[in-house]
Amino acid sequence: MQLYCTRPSCPRPVNQFDDLDNHSALKKAQQKYCTSCGMELFLSGRYLSERLLGQGGFGSAFLARDRYTPTLRHCVVKLFQPSSSLGPKQLQMAQMLFEREAEVLEQLGNQHPQIPNLYAFFPLVVPSLRSDQCEEYFYLVQEFIDGEDFGKILHRRGPLSEKAVRAVLVSMLQVLAFVHQHGTIHRDIKPSNIMKGRNNELYLLDFGAVKQVTVGPGSGQSTGIYTTGYAPPEQMSGGQVFPSTDLYALAVTCVVLLTNQPTAELFDSYTHTWRWQEQHQVSPGLAAVLNRMLQATPNSRYQSADEALAALTREAGKMSVPNPSFPAQISPSPAAAAPSPLASPSPTAPPAPSATLLPTSRLSSLPAFLGAAAFTGVEGGLLAIAIFSLLGTTLLGSGTWLGLMIILIILQLRRIIERLDLLVIAGISGAAVLLLPRLQQVILPVSGGQPMQTVLMLAILAGLSTVAIAVLFRLIFRLVSRLI
Ligand SMILES: Nc1ncnc2c1ncn2[C@@H]1O[C@H](COP(=O)(O)OP(=O)(O)OP(=O)(O)O)[C@@H](O)[C@H]1O
């Protein structure tokens, strides 16, 4: 069995113990020590680190086994390992936050299925590698969530669909409603802290920056632990944090999942407005909820996760008839049905001006936009050849062509057809025009006896010129919306 030494300065952390491959021997085995630095490898006598999962702000996370469970259950061992550049005050704060993570996991994780359980929290004093003094390490052992976090999912799969993001939003609002009701603010919501389990359940991770909200002067003060781009202004400025601080970060997470763009690309620091809708358009109801959560001032946002859930449900109700792509079922937490005591008197109030609601155009990410433009051009060219060959350049022919083009554009804007569908449609149209001479009547007289080459050339020309025109319009649109 391979055991990974958790001492941060260990020169060769990977240890191999063949005698531990047998499970019953493993359960009875005496303490093992790192062959390189002498560090204990059976943490607290039972947790065996197998490999490094990653390194975060305050330490490392390891995938480990609990040798005192029948199945050698997997778990995550987190080691508190603050940066050596921290001053004594910051170090104290970092340690306090690590302990707070353990407290919160113990309090919340064991009660909510979407928050990891706390298994253990203990210090370990070991002889130092460099001097004859001792070093103290703090470990937190928690439930291992077998899955992939949304940072990695984004990296692997690209932007998520509106339906998938809505599911993340609803699920995390439900978890946040629970977290906030227990007087805690997460303060570090971001894609890499939301995990999609193999069971398709979503989990909220990393309570290392949590803030307990207590009543009293100076309470709820931000400690400067946040992720730039996701933290709202009150957190960035070290001011007081609120439940709506998490709502802001969750909305940023959602727009990042929709666009797969870094937050700096979605926020206009000149006008201090979120411009995510330039990158990707969603149904107006979802956009309104996200934009309200993205308000710069906490009192302009929803005041609770339940209030946001209720608004989302209301918007889904409004949209369910006209928009068939809208998920019919949203199941907010039971509390969402009743207005939260913290809810503002007018949850339907329009967003304050700081979060920009741009005119609705379905401009997507640049590659998707260029692809759609190229497809529209090519398909427009092929349809023109086919329709004008069949119906002639009459009013009926032109009307049919125009109608089909409008339908094609709407289908793309609503993402009913995208990516592979576009290739298939263009392929079928191209094959039809190239193989059925009856569809080439319009170009036959000008093709010089080479209808195939002419059709291909016209389709490519139409595609390229549409891309050029679309890019020009996109630039003008961006320029005008920036000026406005
Ligand atoms: N309970 C868990 N189950 C499974 N994987 C986890 C769990 N907790 C953390 N991880 C994974 O371990 C890695 C390190 O996590 P950690 O929370 O220490 O840092 P981080 O989230 O990467 O960074 P930061 O603390 O700066 O936000 C991440 O890849 C994370 O997805």
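This is a predicted model: local features need pLDDT of at least 70, side-chain atom pairs count only at pLDDT 80 or more; totals for chains, interfaces and linings use all residues.
**Exercise 1. The nonpolar patch**

Solution: 
- Step 1. Name the members. The patch is formed by Leu366, Leu370, Val471 and Leu475 on the surface.
- Step 2. Take the area. Together these four residues have about 310 Å² of accessible area.
- Step 3. Classify Val471. Its relative accessible area is 30%. Partly exposed covers the range between under 20% (buried) and over 50% (exposed). Val471 is therefore partly exposed.

**Exercise 2. The ligand and its shell**

Task: State how many residues surround the ligand, and describe the shell by class and by element.

Solution: 
- Step 1. Count the shell. The ligand is surrounded by 20 residues. The closest are Lys78, Gln142, Glu143, Ile145 and Asp206.
- Step 2. Sort by class. Eight residues of the shell are nonpolar, five are polar and seven are charged.
- Step 3. Look at side-chain N or O atoms. One in Gln142 lies 2.9 Å from a nitrogen atom of the ligand. One in Lys152 is 3.3 Å from a ligand oxygen atom. For Asp149, the distance to an oxygen atom of the ligand is 3.4 Å.
- Step 4. Check the cover. On its own the ligand has 610 Å² of accessible area, and the protein covers 84% of this.
- Step 5. Assign the elements. Strand E4 (47-56), strand E6 (74-80) and strand E8 (134-143) give two or more residues to the shell. E4 gives the largest share, three residues.

**Exercise 3. His180**

Task: Decide whether His180 is buried or exposed, and find the partner of its side chain in a polar contact.

Solution: 
- Step 1. Locate the residue. His180 belongs to helix H4 (residues 162-181).
- Step 2. Apply the cut-off. Buried means under 20% relative accessible area. His180 has 15%, so His180 counts as buried.
- Step 3. Find the partner. The His180 side chain makes a polar contact with the side chain of Asp246, at 2.8 Å.

**Exercise 4. Helix H8**

Task: Explain why helix H8 (residues 284-293) is described as largely enclosed by the rest of the structure.

Solution: 
- Step 1. List the buried residues of H8. These are Gly285, Leu286, Ala287, Val289, Leu290, Asn291, Arg292 and Met293.

Technical notes:
Residues are numbered from 1 along each chain as its sequence is written. Side-chain values use heavy atoms; hydrogens and water are left out. Patches are made of residues with over 30% relative accessible area and no salt bridge: like charges are joined within 9 Å, nonpolar side chains (Val, Leu, Ile, Met, Phe, Trp, Tyr) within 5 Å. Accessible areas come from the Shrake-Rupley method with a 1.4 Å probe; for residues, only the protein chains shown count as cover. A salt bridge is a side-chain nitrogen of Lys or Arg within 4 Å of a carboxyl oxygen of Asp or Glu. Buried means under 20% relative accessible area, exposed over 50%, partly exposed in between (1.4 Å probe, protein chains only). A residue is near a molecule or strand if one of its heavy atoms lies within 4 Å of it. A polar contact is a pair of N or O atoms within 3.5 Å; within protein, one must be able to donate a hydrogen and the other to accept it, and residues adjacent in sequence count only if both atoms are side-chain atoms. Helices (H or I, at least four residues) and strands (E, at least two) are DSSP runs, numbered from the N terminus. Ala, Val, Leu, Ile, Met, Phe, Trp, Tyr, Cys and Pro count as nonpolar, Asp, Glu, Lys and Arg as charged, and the others, Gly among them, as polar.
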